[in-house]
Amino acid sequence: MRQIPRLFTLSCAAVLALTATAAWSYTQEQAAAGGAAYVQRCAICHGANLRQLPDALIAGREFVAKWGNRSVNELVTHIQSSMPPDDPGGLPAETYLQISAYVLQANGGVPDGQAMTVATAVRIGASLTAEQPAGPIALAGAQSPQEPTGVTVAGTVPNFVPVNEDLLREPDDGDWLMLRRDYSASSYSPLEQITTDNAHLLQLAWIWPMREGGTNQPAPLAYNGTLYLANTGGIVQALDGRNGQLIWEHSVGAEVAPRGLALYNNMLIFQSAPGWAIRAQEARLIALDARTGETIWDVVMPDVYASNSGPIVAGGLIIQGMGTCSIYEDKKCLISAYDPATGAPRWRFRTIALSDEPGGDTWGGLADIYRAGGETWITGSYDPELNLTYWGTAQAKPWMPPSRGMNARDDALYTSSTVALDVATGELAWHYSHAPGETFDLDVVFERVLVDAGNEKWVLSAGKDGVLWKHDRVTGAYIDHAETVFQNVWARFDPETGRPQYRDDILDVKVGEWLDGCPSTAGGKNWHAMSFHRPSRQLIIPLSQSCVSMRAQPVEQVPGGGSGGGADRRFFEMPGTNGNVGKLAAFNVDTLEESWSLEQRASFMTSVLSTAGGLAFAGDLDRGFKAVDVRDGSVVWETRLATSVQGFPISFAADGRQYIAVATGLGGGSPRGVPATITPEIRSPNRGHALYVFALPRQ
């Protein structure tokens, strides 16, 4: 297999977050010039405070904890190979040194008067601590964090009817009331005006330009013809679905979780950070009046760090996940519930089992303070009849067991699992470990899709390893699994329990040793949600085909330390794919057999939307947005948009007309960065955030 020497990074200067921070050999002149270059090239994505991208915080304690063991020359080399995302290596060599110097200074570094060079090999964490604040970040020309907050455009949604639990259980055909549309996380619309026969007539109905900068992966909602949209820069908007007219706008003053709004009663509910923070992003839960955008309540979520996905309202409670759990501290990742009337906490479930609790003996004797990870950064699903909510959990941190003082035989509960929780109490009903001892940053945190088959109730899920799982959602019992892409990390699966086991060389890996594995950290399957097309009983899944070499780094076990990564990575093409990174595939839910697949060079960057008209919609890194026939995957319509297409497409109705909405955007970590490394010829413009809405021509 051909290895690609370049490591990937996040968009814009996100490469910085994948490599290092400060060595102390640089000059004040270099840092000043780097600040100016940062404004020009990087602030649009990362913000004036270097913390605008939730997945790429390049100032503050997370950055120091994650990259303190890397060297400065790695930082410079990786920036040069990956930035800017639309022209890697396209800046003068000195500019890359200057930007590196500026980032070091922003994290507390003091110049020593010696010019930084590509040979500077000092370990970055040698002179930084996780408690040092970010340095000079208020740069002329950078996006200012000091903007008006509250309602910035006043208006009222006409004829608004409160959204009760009956509507959430059985939404009207033309509505899209929550992330992935319904409690089952189906991402399926029963609208059938647009069909395989007429989809070729689809045309742009209207476009809504969105704010540039930050990660744009929106999941808009639609209710009675009104769209609700989380824009970048902390902006929430209500739009007329017929023509894109702005109804109201509210500025939160900090980033809003881009993948999730929730409607309940007369409220639009979402998670946010408390401000343009330079520390860990402690979370706030906010309820706006869905009619006017006015604040109803705005509360701190105790002990919760902000996530990039929003809440689900289930059983009369708001249930929210958590991100950023990589730091060695007493605070652990939670799934927590809140009272919709006030935002007051109701219950919490910790996803990390401590030493004196059930599952606490699965961490290899690791002290509680050094048990990290288990993020729940994708919103769960809900079965009202069972009153259970289903969530995926991320892996233990750091990524590789030797870096966290464990081995791959330690399950590390309840990471890399499905957890089913009683909605009334938050108590664990059952769990299943999909990747015990997870070693390759192959998350299984993604959506849980609920499917019925006669009297049987199933929950289906797929993770970065590309394994599609089927479980009994009452008991958690293993039913079946299928491999959706080539994988070689799991050597075998227990035929009775489904429990996977790593290859022997993975089980015995040590710090400093390279391991090859497929898929890579981009997935397999990532955050882009699959869709259950009910009429054909198919799961249609957006997949990615690439591989990775990983090498565990030493991560010191000290309180306040830790790492959200802790490994070097190299990426290469997946064997047998002919260079096709993107794959859209359908699997029969009853048999888990693949029905069809569509492969292409560009990776798919959106969730899948399927409809009763026999169509599945998906967008990709190369600006393409297409509709395929769910019967065989043949393309029946496609168009090309301003930049990469990503987020959650939806279908809704207004005045009897069916619409398809999808966003373009930038940012987003491995799913963008890995394909950008192994498909370097695909260059998405670094601007172009917008919401596009399509419909058939009016009769």
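Student: Which strand does strand 14 join through 3 bridges, and is the run parallel or antiparallel, where the partner covers residues 334-338?

Tutor: This is a predicted model, in which local features need pLDDT of at least 70, side-chain atom pairs count only at pLDDT 80 or more, and totals for chains, interfaces and linings use all residues. Residues are numbered from 1 along each chain as its sequence is written, and side-chain values use heavy atoms, with hydrogens and water left out. Strands (E, at least two residues) are DSSP runs numbered from the N terminus, and two of them pair if DSSP finds at least two bridges between them. Residues 334-338 joined to strand 14 by 3 bridges are strand 15, and the run is antiparallel.

Student: Which residue takes a positive phi in the hairpin of strand 13 and strand 14?

Tutor: Strand 13 (residues 312-314) runs antiparallel to strand 14, with 3 bridges, and A314 has L317 as its bridge partner. The hairpin has 2 residues between the strands, and the one with a positive phi, near 55°, is G315.

Student: Which are the edge strands of the open sheet?

Tutor: The sheet has 4 strands in the order 13-14-15-16, with antiparallel pairing. Each edge strand pairs on one side only, and these are strand 13 and strand 16 (345-350).
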